[in-house]
Amino acid sequence: MMIPVRCFTCGNVIGEHWEEFRARAREGDEDPGEVLDDLGVDRHCCRRMMVSHKDLVDVVSPYQ
C-alpha cells in the first residue's frame, strides 16, 4: 500500500496503482514512464509522486 494514497498537489487517488507500478517499474523490467502511461496516470504531479515515492512500510513494520 502506498502512503500517501492521494497526490499532494491535485488530490487524485494514486495509491490504487502503486502495487502494479512497483512490480513493473521498480524491478527494472519496464520504463517507469511507459508503465504510468499504461496505468492512466497522466498528470505531471501524480507521475512525480509515483516515481519519487519511497515505500517505508517495510522499514518501519518490524517496530510495530
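Me: Which residues does the UniProt annotation "binding site" cover?
Reply: UniProt positions are given here in the numbering used for this chain, with feature names shortened, and annotations may be inferred rather than shown by experiment. In this case the unreviewed entry lists Cys7, Cys10, Cys45 and Cys46. They are spread over 40 residues of sequence, yet cluster in space, with a largest C-alpha distance of 7.8 Å.

Me: What am I looking at, and how is it numbered?
Reply: This is a predicted model: local features need pLDDT of at least 70, side-chain atom pairs count only at pLDDT 80 or more, and totals for chains, interfaces and linings use all residues. Residues are numbered from 1 along each chain as its sequence is written, and side-chain values use heavy atoms, leaving out hydrogens and water.

Me: Where do Cys10 and Cys46 lie relative to the helices?
Reply: Helices are DSSP runs (H or I, at least four residues), numbered from the N terminus. Cys10 sits in the segment before helix H1 (18–26). Cys46 is in helix H3 (residues 44–52). The chain has four helices and zero strands (E, at least two residues).

Me: Is Cys46 buried or exposed?
Reply: Buried means under 20% relative accessible area, exposed over 50%, partly exposed in between (1.4 Å probe, protein chains only). Cys46 has 2%, so it is buried. Cys10 has 27%, so it counts as partly exposed.

Me: Which residues is Cys46 in contact with, leaving aside its neighbours within four places in sequence?
Reply: Contact means heavy atoms within 4.5 Å. With those neighbours left aside, Cys46 touches Cys7, Cys10, Asn12, Ile14 and Val41. On the same terms, Cys10 meets Arg43, Cys45 and Cys46.
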